[in-house]
Amino acid sequence: MSDVPDPFREARRAEGVLGLPTDRETIPMILRHEDVRKAAKDWHTFSSDAPYRVPIPSEEHLRSVRQLPIEADPPEQTDYRKLVEPFFLRAKQPAFIARVEAITERLLAEALARDSIEAVGELALPLQSRALTVLLGVDEAEAERFIGWGVHVFHHGDNGAEKGKELEQYLNEQFDKAAAAPGDDFYGLLTKTLFHGRHLTRAEQLGFANLMFAGGRDTVIYSVACAIGYFAERPEALEFLRADPGRIVLASEEFFRVYMPLTHIGRVCPVDTDVHGMTVKAGDRASLCWASANLDETAFEAADEIRLDRRPNPHVSFGFGAHLCLGAAHARTVMRTLLELLCKRVERIELVSKVDRVEHTQAYDRPLGYESLIVRFHPREA
Ligand code: HEM
């Protein structure tokens, strides 16, 4: 039986590509594992130097700055990335992990004390909002504001533009404070750092910070909520991890593989390009479909089965090549810590009710995660 819905299976096997019609263009989605990895390395053909147009749908109306370093190609992207990479890698350090542990312990204790909780809004959202304050190096109280923004920092819904403006205003305030007295937080780093011998402009600073919120929130929130949902639907799974805690790292990777929150990410073709038989006109886009590559049966044995001890697991949930996700260490710390503490503190998670979430498009419907997931946590006796 298949554990993971795979809306791309037929097209991946037959053509390796699926056309996604949009207002401006039909975007060929590259579906096979090998092809996605190849395209991710070929920025001359598939370029990220396209402000607002790397995400699909594009985000001209949601922000006024180019996100960095994601909306740039090497060598410019490589130089931008170097400025912030050490900051992101702090998520691997024991002191960082200990703080995420403390946040997770508190949230699980609250969940255990209640009859039931809604795991997306009351567990995954506060967990990642608080963990993000650790990554940003700001006071944990700031998380209340992030929680107030909800799961999406800007949604492609009716009030997306409004939420986008609110985020930019918030970030401008943080950079104003840092300009007056730069501290050791993310805003201070971007204020003090030199890029090619000069300070970053405000637009560049905002571009880095905007991506931190746009890329670093709903992705982790969905991954965490999906993991909780998985344990709620498979009571034996926590026992399986407890039997060999070495499986926690493998299980985290498997959750990232099958619950990839970002179905695909765009690239612009600077010249007319043939993508598996579909023509992309110069200036139009193709996309790298990570979600399909992760389920490619030529790269994964029993690809549509969730195997919590899968190894090797060459998933592309954190991308591939030059733009490999800078937040991966953070996401891994959050997921692994959660699984460890669930094993220690929780005997079983009971599903009370759920409303599935589906990404609807003109080319595919992809079920992913939950609009709402109500669960009851049963404590593990010490
Ligand atoms: C499960 C969680 C996450 C997933 C699945 C994910 C996925 C991705 C993917 C696929 C890319 C490559 C984009 C491309 O090639 O165009 C990427 C890049 C990036 N991600 Fe993540 N991400 C996650 C969490 C985070 C977090 C927590 C942060 C920060 C708080 C973050 C920040 C970034 C940044 C800054 C880049 C751009 C790197 C570059 O262009 O050099 N991500 N992410």
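**Sheet, helices, ligand shell and backbone**

User: In what order do the strands of the open sheet of 4 strands run?
Analyst: This is a predicted model. In general, strands of a sheet pair through backbone hydrogen bonds, either parallel or antiparallel. Here the pairing is mixed, and the 4 strands of the open sheet follow the order S1-S2-S9-S6.

User: Which are the edge strands?
Analyst: An edge strand pairs on one side only. From one strand to the next, the twist averages 30 degrees. The edge strands are S1 (17-21) and S6 (265-268).

User: What is the bridge partner of Pro21 in S2?
Analyst: S1 and S2 (residues 26-30) are antiparallel, with 5 bridges between them. A hairpin of 4 residues links S1 to S2. In S2, Pro21 is partnered by Thr26.

User: Are H4 and H5 roughly parallel or roughly antiparallel?
Analyst: The axes of H4 (residues 94-113) and H5 (residues 119-136) come within 10 Å and cross at roughly 155 degrees. Angles over 145 degrees count as roughly antiparallel. The two helices, H4 and H5, are therefore roughly antiparallel.

User: How many residues of the contact of H4 with H5 are charged?
Analyst: The crossing of H4 and H5 is right-handed. H4 contributes Phe96, Arg99, Val100, Ile103, Thr104, Leu107 and Ala111, while H5 contributes Leu123, Pro126, Leu127, Arg130, Ala131 and Val134. By class, the contact of H4 with H5 has 10 nonpolar and 1 polar residues, and the charged ones number 2.

User: Is H11 roughly parallel or roughly perpendicular to H14?
Analyst: H11 (residues 236-243) packs on H14 at about 100 degrees, with the axes 10 Å apart. An angle of 65 to 115 degrees falls in one class. That makes the arrangement of H11 and H14 roughly perpendicular.

User: Which residues of H14 make the contact with H11?
Analyst: On the H11 side, Leu238, Leu241 and Arg242 take part. The contact of H11 with H14 divides into 5 nonpolar, no polar and 1 charged residues. From H14 come Leu339, Leu342 and Cys343.

User: Which elements give two or more residues to the shell around the ligand?
Analyst: The ligand is surrounded by 30 residues, and the closest are Gly216, Gly319, His323, Cys325 and Gly327. The elements giving two or more residues to this shell are H3 (76-89), H9 (202-215), H10 (218-233) and H14 (328-345).

User: How many residues of the shell around the ligand are charged?
Analyst: The nonpolar class holds 18 residues of the shell. The polar class holds 11. The charged count is 1.

User: Where is the proline of the cis peptide bond from Ile56 to Pro57 found?
Analyst: Most residues other than glycine have a negative phi, and most peptide bonds are trans. The bond from Ile56 to Pro57 is cis, with omega near -5 degrees. Pro57 sits in the loop between H2 (33-41) and H3.

User: What is omega for the cis peptide bond that joins Arg311 and Pro312?
Analyst: Pro312 lies in the loop between H13 (290-293) and H14. The bond joining Arg311 and Pro312 is cis, and its omega is about 0 degrees.

User: What is the phi of His196?
Analyst: His196 lies in the loop between S4 (194-195) and S5 (198-199). His196 is not a glycine, yet its phi is positive, at about 50 degrees.

Terms used:
Residues numbered from 1 in each chain as written. Predicted model: local features only at pLDDT ≥ 70, side-chain atom pairs only at ≥ 80, totals over all residues. Axes fitted to C-alpha atoms, helices over the stretch in contact; angles between N-to-C directions. Parallel < 35°, antiparallel > 145°, perpendicular 65-115°, else oblique. Left-handed = near helix turned anticlockwise from the far one by under 90°. Contact = placed C-beta atoms within 7 Å. Nonpolar A, V, L, I, M, F, W, Y, C, P; charged D, E, K, R; others polar. Pairing = 2+ DSSP bridges. Near = placed C-beta within 6 Å.
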